[in-house]
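Subject: Structure handover

Hello,

Here is the structure we talked about handing over. Please open it first, then read the notes below it.

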Amino acid sequence: MKNKFSRLLVTAFCGGLLLAGTTGCFRVSSETAMLRDAVLQNTPTAEWEEQIEIGLGRISFAVVQLGGAVAARFVDLPPEARTVLNSAKGANASVYHRKGGSLDDFNPQKVLAQADKNMEKRGWYRLVGVLRERELVAVYVPEDVDLARDAEVCVLVVNESELVCAGARSDLRPLYALGMEKAKEQFPELAASRPN
Amino acid sequence: MKRISNSFKRNLLAAAICTALVTGTTVMAAENGAIDFGKFKPAPGAEFVEVNIKSNLIEMVTNLAKKAEPEVAEVLKGLKQIRVNVLGLTDENRDEVQNQIQKVRAQLDQNGWDRIVTVMKDAEDVGVFVKTRGSTAVEGLVVTVIQGQKEAVIVNIVGDLQPEKLAMIGERFDIEPLKKIGAEIKPVKKSEATELN
């Protein structure tokens, strides 16, 4: 009886580990980690404190979507929320807060160059780079992205006090349709009939 | 003698390759309408925006837009790359950026691009260039703007640009610059370039 219980416990533990491993609950993607490291390595005098690092893979999102479908029976979810939830296939984020030290040596150009180099090794390129005052925002996409139904993106945002690196994977088609619908509400000329 | 001759040939080949590389690394207009502005470095405290949209992403968006906005998809279909640089100007980088833009313009003039729009008004300095293929096809567009002492913008759009479709999009969404550019993009000689007041 004791042996049977111990075997059950070990099996459950291994199963839990396997589930966490395959769903990647506590791991960010390699790309997100590379963006994070580009900042951490180039700000040696800053003291960054990890706030959260989380990753949800396909399986985790499938579980979330199932949960959403069940919840929709009892709670009236807005259609936009349902669209976003159903489109997502994975997400991960790494958030740090600067608790001390200084950013006197913060060189956004160097951070951007390092991030570009790191991402290029993984087959990604920088779609957008914005630097304003002491805030840097960069968006990366894979070189071979061409499928709207399975698109990926990685984002880096860093300023004097926060560092956020995030990645997402989703089916863009319903999101595009949703975006266009909202844009037409805001800008009626988008919905106007075409000139002859 | 044969050995010297081979060595001489190798040196000549090396020199030719080096020359090609050196001329190739200056700001040059490639045959397909893309230009290399060089690398712009963000100056401390100044704004910096860089957008680089490649053909695979454009194709993906074209496919997405096909049903909802077919005329927009039609314009996007021929595009291969869109590159935008916005640079804030400070005392540190102003001269360098302005010189680089003037250099880009000079190179475009020398390399078969047509300057179709020139604006010099107040503190604004705008130049629009197109690269044509034959008499009707436009394969590249470059817009350079120096906005007083504050900002510089360079845009390069590469691909099969159809002027009538650009003008149509401009009409559809009431975008003045597109209406004008769509009307102006046609093979013109430098002497006939439009000066806008």
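**Between the chains**

Three salt bridges are counted between chain B and chain A. A salt bridge here is a side-chain nitrogen of Lys or Arg within 4 Å of a carboxyl oxygen of Asp or Glu.

Before the rest, some ground rules. This is a predicted model, in which local features need pLDDT of at least 70 and side-chain atom pairs count only at pLDDT 80 or more, while totals for chains, interfaces and linings use all residues. Residues are numbered from 1 along each chain as its sequence is written, chains are lettered from A and ligands numbered from 1 in the order in which they are written, and side-chain values use heavy atoms, with hydrogens and water left out.

Back to the salt bridges. One joins B:Glu47 to A:Arg132, with 2.3 Å between the closest N and O atoms. Another pairs A:Arg126 with B:Glu50 at 2.8 Å, N to O. A:Arg126 sits in strand 3 of chain A and B:Glu50 in strand 1 of chain B, so this pair links two chains. (Helices, H or I with at least four residues, and strands, E with at least two, are DSSP runs numbered from the N terminus.) Are these two side chains buried or exposed? A:Arg126 counts as buried, at 12% relative accessibility. B:Glu50 counts as buried too, at 9%. The cut-offs are under 20% relative accessible area for buried, over 50% for exposed, and partly exposed in between (1.4 Å probe, protein chains only).

**The interface as a whole**

On contacts, 23 residues of chain B meet 28 residues of chain A. Contact means heavy atoms within 4.5 Å. The two chains bury about 2,300 Å² between them, and carbon and sulfur atoms give 58% of that. Which three residues of chain B supply more of its share than any other three? They are B:Met60, B:Leu64 and B:Arg172, with 25% of the area that chain B buries against chain A. Buried area is the accessible area (1.4 Å probe) that two parts lose on being put together, summed over both.

Eight residue pairs across the interface of chain B and chain A make one, both residues being at pLDDT 80 or more. The rule asks for a pair of N or O atoms within 3.5 Å; within protein, one must be able to donate a hydrogen and the other to accept it, and residues adjacent in sequence count only if both atoms are side-chain atoms.

Four elements of chain B give two or more residues to the side that touches chain A: strand 1 (48-54), helix 2 (55-68), helix 3 (70-77) and helix 5 (163-172). Strand 1 gives the most, with seven residues. By type, that side of chain B has 13 nonpolar, two polar and eight charged residues. Ala, Val, Leu, Ile, Met, Phe, Trp, Tyr, Cys and Pro count as nonpolar, Asp, Glu, Lys and Arg as charged, and the others, Gly among them, as polar.

**Strand pairing**

Four bridges join it to strand 3 (residues 124-132) of chain A, and the two run antiparallel. Two strands pair if DSSP finds at least two bridges between them. A:Val128 has B:Val51 as its bridge partner. A:Leu131 stands opposite B:Phe48.

Strand 1 of chain B also pairs within its own chain. Seven bridges tie it to strand 2 (residues 79-88) of chain B, again antiparallel. There, B:Asn52 partners B:Arg83. Five of the seven residues of strand 1 are buried, so the strand is largely enclosed by the rest of the structure.

Chain A has pairings of its own. Strand 4 (residues 135-142) and strand 5 (residues 151-158) are antiparallel over five bridges. A:Val139 faces A:Val155 there. Eight bridges join strand 5 to strand 6 (residues 162-170), also antiparallel. Strands 5 and 6 of chain A form a hairpin with three residues between them.

**Other salt bridges**

Over all chains the structure holds 17 salt bridges. One of them is B:Arg94 with B:Asp91, at 3.0 Å, N to O. B:Arg94 is buried at 15%, whereas B:Asp91 is exposed at 70%. A:Arg36, A:Asp37 and A:Glu53 are linked in a network of salt bridges.

Best wishes
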